[in-house]
Amino acid sequence: KASVLAGDNYEDAMPAKPSQESTGKSAFDMLQEERKNLPIYSYREQLLNAVKDHQVLIIVGETGSGKTTQIPQYLHEAGYTKHGKVGCTQPRRVAAMSVSARVAQEMGVKLGHEVGYSIRFEDCTSEKTILKYMTDGMLLRELLGEPDLGSYSVIIVDEAHERTLHTDILFGLVKDIARARPDLKLLISSATMDAEKFSDFFDHAPIFSFPGRRYPVDICFTTAPEADYMDAAIATVLTIHVKEPLGDVLVFLPGQEEIEAVEENLKNKIRGLGTKIRELIICPIYANLPSELQAKIFEPTPEGARKVVLATNIAETSLTIDGIKYVVDPGFSKMKSYNPRTGMESLLVTPISKASATQRAGRAGRTSAGKCYRLYTAYNYYHDLEDNTIPEIQRTNLASVVLSLKSLGIHNLLNFDFMDPPPSEALIKSLELLFALGALNQLGELTKAGRRMAEFPLDPMLSKMIVVSDKYKCSDEIISIAAMLSIGPSIFYRPKDKQVHADNAMMNYHVGNVGDHIALLKIYNSWKETNYSTQWCYENYIQVRSMKRARDIRDQLEGLLERVEIEVSSNSNELDSIRKSIVAGFFPHTAKLQKNGSYRTVKHPQTVHIHPASGLSQVLPRWVVYHQLVLTSKEYMRQVTEVKPEWLIEIAPHYYQLKDVEDAASKKMPKTTGPAVV
Ligand code: ADP
Ligand code: MG
C-alpha cells in the first residue's frame, strides 16, 4: 500500500520563501527554487515510487500544493515521456491554459512546444509536445480518434473532485483502457479528502495523500441574511481595504456578468474615496476572459498596494493565486440544472455546498493566517447548504456525451460503468433526442448522419444543423451561424455614453426582421467583406475578440466539413434554405405565440418569452425556433428565428403531427411575414 499521510497544520515546517531581491539569480533559477518550496516537493521520491509500483493511483493533496504543475514534470524527469506523452485533464479551459503556461515557464520552453494545451477550438500543441494539458472534454474527443490512447504513457485525471460531466465519463473509459493497457499509468488527482470513493471505483487503487500547508483561517458569518450579495461583497471589500492589514482579497462571484458589475461598482466607489486610501488593483478572472488578461491575476502586487481578485468558481480549486489573505464568499455559484421531463436546461445562480465553502475559505490560509468573510449566516450554513455539490452528470443534458459514447462503440449505456449513474430518465431522454435528430436508428445504433454529427465538437442539435445544410446547399452560411452561436452572447458592447449608437448599429442587422440567426450571419459576412477589419468592429460596437474567435471556430468547422465529406456550398439568397437547416437541428425547440404575447413550447408545453435582446422581441412572429433557453427573471428564448409551421411537418414528420402545428384560432395556416434577402 502507498503511504497514507495525514494533512494537518504544517506551519512550523514552513521553509522560507525565496525573496525577490536575492542577488544574482536569474528568473529561471528563482522559479526552480519556488518549485522546491511547494509542499509536494518533499514527497517527490515517494510519489514516483508509488507510481512505479502501481498502475492506478489516487493522489490527494491540498489545493495549491503543486499537484497540477509539478506531477507531470516529475514524471517527465523520471523518464515517463520517453515512450509517450503525459496527458493531464482539467475541467476548465482557463486552468488548462494558465497552468500549461506556468509549466512551460518552469521548464524554460516555449508554450506549445514541449508543454502545450488543447481546449475546444484551440490546439496549442505540436509534434514536440510531451506534457499536454487539456480539458476533460478534449480527452474524450481524442478518444474518438485514438480509442486506446496509445500515444500516452500516463493519463492524469486532475481536479477529479470537481466531478464534471466529462471527467465522470472519462473515469469509466480510462478505467477500461488501463485494464487493456498494462503499460499505461493512470493517476486520479483530487483536492478533497473523500478519496475512498475514487479508490473504490478504480478497483481499490491505493491512495497517495500528502499534507499541504495550511494556516488558520478565521471564519466570519453575517449576523443577518444579506439582501443583495453583490452590494454586500462590495461593502466587505471596501471595509477590508480600509481597515485590515495589507494582503490580497479573493471574491467569489457566480459569473462574468456579476464580476463585471462588481468591478465597475468598485471602481466608482474607489474613485469617490479619492487619494486618501492606498491603491486597490482589481483583477477579474472567468472562463471567457481573454488570455492576455488572465495572466494579470498572477502578477505580484506592488509594494503598499492591495489586489482584489474577482473570480468565478475557477479560483476555488483549479487556480491558486499566491498572496490571498482575505476571502469574500457570498455563497453562490452558477449551476446547470436540467429537467429530463421537458428537456430544458438552465444555468442558475445557486447556493454552494459546505464542501465548496470549505475550499473557498481555505484559499485565505495558503501563505499566512487569513480571514474568510461568509456573506451568509451560520444558521444558513448549517441548515441550508448541502454537504456536497451534486455531480454534473446528474443534472445535465446528456445528448452530447451519449453521442460520443455511441460512436466509441458503447451501446448499452444503462450498463456503463458510472461512478454515480445519471437518472435513467435523462439517459432515455437523450437517446430519444438523438433518435429524433436521426443520429440513432430504432435499434439505438449510430446512423451515417450520427457518425458525421459525432465529428463536430458541438451540441448534437448544432451538428445536425450543419450536417443537414449539405442537403440545402448552404453549409457555408450554416457554419458561420454555428460559429457565431458558439461564441456566446457577448458580440456587441454598449458603452454607457453611447448606448443609443450601439443599439442602432445592432438594429442594422435585424432589418427585415430576418431573425437572430440570419442577423449573426449578416454580421459575420459584413466583417468578412471588410477583410476582417478591426476598425469596422469598433465602428459597429462589435467585440473584435469575439469575432476573431468566431473566425477561428468557423475555420475549424470548415475543416471538419471536409472530413465528413460535405462540400462547402453557398446559398445566400435563399434564406429559407438556411432557416430550414436551422429547423432540421432545432425543431425540438419550437414555440408558438400566445394571445398575451408570451410563447408556448410545442412539445412539453411551457411558457417562455423572447429575450429582450433578440431582434424579434418586438415583432413576435407566430412560430419560432430558438437556440437556447435561459432563466433569469423569466424563461427567455435566446437567438430566435421565425419558421413556417408546415416546415415542421416537412422536416420532422416523425416528431410533429398536423395537430401540433394547426392554428386553433384560425384553422388556416398562419400567415408569416415574408423573408427578406440579405
Ligand atoms: P494544485 O494543483 O495542487 O492545486 P498547482 O500546481 O496548481 O497546485 O499550483 C502550485 C503553485 O503554482 C501555486 O503556488 C500557484 O500559485 C502556482 N501557479 C500555478 N499556475 C500559475 C501561473 N499561471 N502563474 C503563476 N503561478 C502559478
Ligand atoms: Mg490543481
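This is a predicted model: local features need pLDDT of at least 70, side-chain atom pairs count only at pLDDT 80 or more; totals for chains, interfaces and linings use all residues.
Let me begin with a pair of helices: α5, spanning residues 136-145, and α6, spanning residues 165-180, have axes that come within 8 Å of each other and cross at roughly 40°. Since angles under 35 degrees would count as roughly parallel, that crossing makes α5 oblique to α6, and its hand is left-handed. On the α5 side the contact is made by Asp136, Gly137, Leu139, Leu140 and Leu143, while α6 contributes His166, Thr167, Ile169, Leu170 and Leu173. Sorted by class, the contact of α5 with α6 comprises six nonpolar residues, three polar ones and one charged one.

The protein chain has a mean pLDDT of 91, with 94% of its residues reaching 70 or more. Over residues 5-22, however, the pLDDT is below 50, and that stretch has 20 contacts in the model beyond near neighbours in sequence. Residues 665-678 also stay under 50 in pLDDT, and for them the model has 24 contacts beyond four places in sequence.

One annotation is left to consider. Where does UniProt place the feature "coiled-coil region"? The unreviewed entry puts this feature at residues 547-574, and over those residues the model's chain is 61% helix and 0% strand, with the end C-alpha atoms 24 Å apart.

Technical notes: Residues are numbered from 1 along each chain as its sequence is written. Chains are lettered from A and ligands numbered from 1 in the order in which they are written. UniProt positions are given in the numbering used here, feature names are shortened, and annotations may be inferred rather than shown by experiment. Helices (H or I, at least four residues) and strands (E, at least two) are DSSP runs, numbered from the N terminus. Axes are lines fitted to C-alpha atoms, for helices over the stretch in contact, and angles run from 0 to 180 degrees between N-to-C directions. Angles under 35 degrees count as roughly parallel, over 145 as roughly antiparallel, 65 to 115 as roughly perpendicular and the rest as oblique. A crossing is left-handed if the near helix is turned anticlockwise from the far one by less than a right angle, and right-handed if clockwise. Two residues are in contact if their C-beta atoms, placed from the backbone, lie within 7 Å. Ala, Val, Leu, Ile, Met, Phe, Trp, Tyr, Cys and Pro count as nonpolar, Asp, Glu, Lys and Arg as charged, and the others, Gly among them, as polar. pLDDT is the predictor's confidence in each residue, from 0 to 100.
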